[in-house]
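I opened this structure for the first time today. These are my notes on what I looked up.

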Amino acid sequence: MKKTLLKNLHVINPCSDPAFIENAFVAISGETIESVDSSEPSGTFDEVFDLDGKVALPGMINAHHHLYSALAVGMPLPKGNPTNFTEILQEVWWKMDLALDRDSTQACFESGLLDSLKAGTTTFIDHHCSPSFIEGSLSLLAETGEKFGLNSSVAFEITDRNGTEKFEASLQENINAVRKFSDHPNVHPLIGLHASFTLSEDSLRKIRTALDSLKSWGIHIHVSEDKADEEDALKKGYGSVLERLDKFDLLNENALIIHGLHIKDSDVDLLQKHKAQIVHNPSSNANNRVGMSSNNTINQLKSGLGTDGMQGSMLREGKEGMLIRSSHLDGGEDSANYLQLLFENNPKIASKLFGKKLGYILPEYQADLAIFDYAPRTPISDATIFGHVFFGLSGLPCDVMTRGEFRIRDYQLQNFSEQEIKANAVTQAKKLWVHFS
Ligand SMILES: [Zn+2]
């Protein structure tokens, strides 16, 4: 097994004790970190890299992403002027996802993952939707994730909104992915459901029945992103969206519940009972003007942090989340701890899903590192980590390592051409945007 040594590297594990190790030596064996120490380890190494005093964070985890939205950056605004969340979905996202074919979907995956990797995001949990290209889409996503050397969680959003045939095909695509990738070391399949309000009683029943054929499964679903989702569940005779999902026996410890902005205390109890995981997406919530998760929900449920397709950078998402929340607080009020969401809760979620240790630069963890050319103008110590992470390390990492291999070195991608990916994305975006002009 290849042995690699990183030396002269300042290591920050924001939610570990100690959080800061100055001038560390990181020994890596194959894909795994063997030791992190301030003295040089004995033994011989196949490769030794002197990082010249750079600063390393653990490779970051995006707990909810939509790579299919990667080509929406700069897209023409919808002709209608959406005035609420449901209209935003109808006018923008449901038109866009329906227009995606295989080539544009691939361009989304590649350019979205390029954006993520360059920002030091080394694990992503995706919620995919391309209703005109369903069969094989999750395999394409898993292959693209592998090409980038990332940990990929894949799921296809099942919904009623495109008719029975596409509903059935989407359900099958999820089932096929679970069968194909359950034992894969770097790919974790989940069962994607768009949201309760776009799934009928009959559809939830069909989904639940199909899951009986699987050994293990977990759903990945938007819940209570907007009040309209809760109102729909009430109209259907349930106390809440989560009560509806529970009635269909869809909640378990593998479930990822996204948003949960308007959930009740009894819903929090329900999630705790099933040990289901909630994920908070602050920049998307602000952009859609749907409200804010309560501190209580975030803290009690040890919420994860996702970008909901808004961006690939988790450092930016954490900082934006903190600032959005602060803007709604009075002086002296407590905020949510975004450092904890990003560097403690997300690693816990990802380590459980993928069945391996992710999200820390510590022995036995996968060697995923984001290394920054950062010369701080103030001292770094355990007590000052928060400020350095969210206000100092604001740029892109110069080096990104996953599974013990440098994927980016001195800002250069090592295994493929950034220019080709971008050129293809521009071509595909022009084709896609025709549907909106
Ligand atoms: Zn989402």
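**A helix pair**

I began with helix α3 (residues 137-148) and helix α4 (residues 164-181), whose axes come within 9 Å and cross at roughly 40°. Helices here are DSSP runs of H or I with at least four residues, strands are runs of E with at least two, and both are numbered from the N terminus. Axes are lines fitted to C-alpha atoms, for helices over the stretch in contact, with angles from 0 to 180 degrees between N-to-C directions.

I then listed who meets whom: S137, L138, S139 and A142 in α3 meet E173, A177, K180 and F181 in α4. Contact means C-beta atoms, placed from the backbone, within 7 Å.

**Ground rules**

I noted that the model is predicted: local features need pLDDT of at least 70, side-chain atom pairs count only at pLDDT 80 or more, and totals for chains, interfaces and linings use all residues. Residues are numbered from 1 along each chain as its sequence is written.

**Two domains**

I found domain 1 (3-59 + 359-403) and domain 2 (60-354). Their bounds come from an automatic or database domain assignment. Their C-alpha centres lie 30 Å apart.

**The core**

I looked up the largest nonpolar core, which has 113 residues. Such a core is a set of buried Ala, Val, Leu, Ile, Met, Phe, Trp, Tyr and Cys residues joined through C-beta atoms within 7 Å. V11, I12, V26, A56, I257 and I361 touch the most other members. Helix α12 (residues 338-354) gives the most to this core, with 8 residues. Each domain supplies at least three residues.

I followed I257: beyond neighbours within four places in sequence, its contacts are I221, V223, L271, A276, Q277 and I278.

I saw a cis peptide bond between D17 and P18, with omega about 0°. P18 sits in the loop between β1 (3-12) and β2 (20-29).

D52, not a glycine, has a positive phi of about 55°. D52 is in strand β4. D52 is exposed, with 9 other C-beta atoms within 10 Å. The cut-offs are 20 or more for buried, 12 or fewer for exposed, and partly exposed in between.

D308 also has a positive phi, near 55°. D308 is buried, with 26 C-beta neighbours inside 10 Å.

Notes. Two residues are in contact if their C-beta atoms, placed from the backbone, lie within 7 Å.
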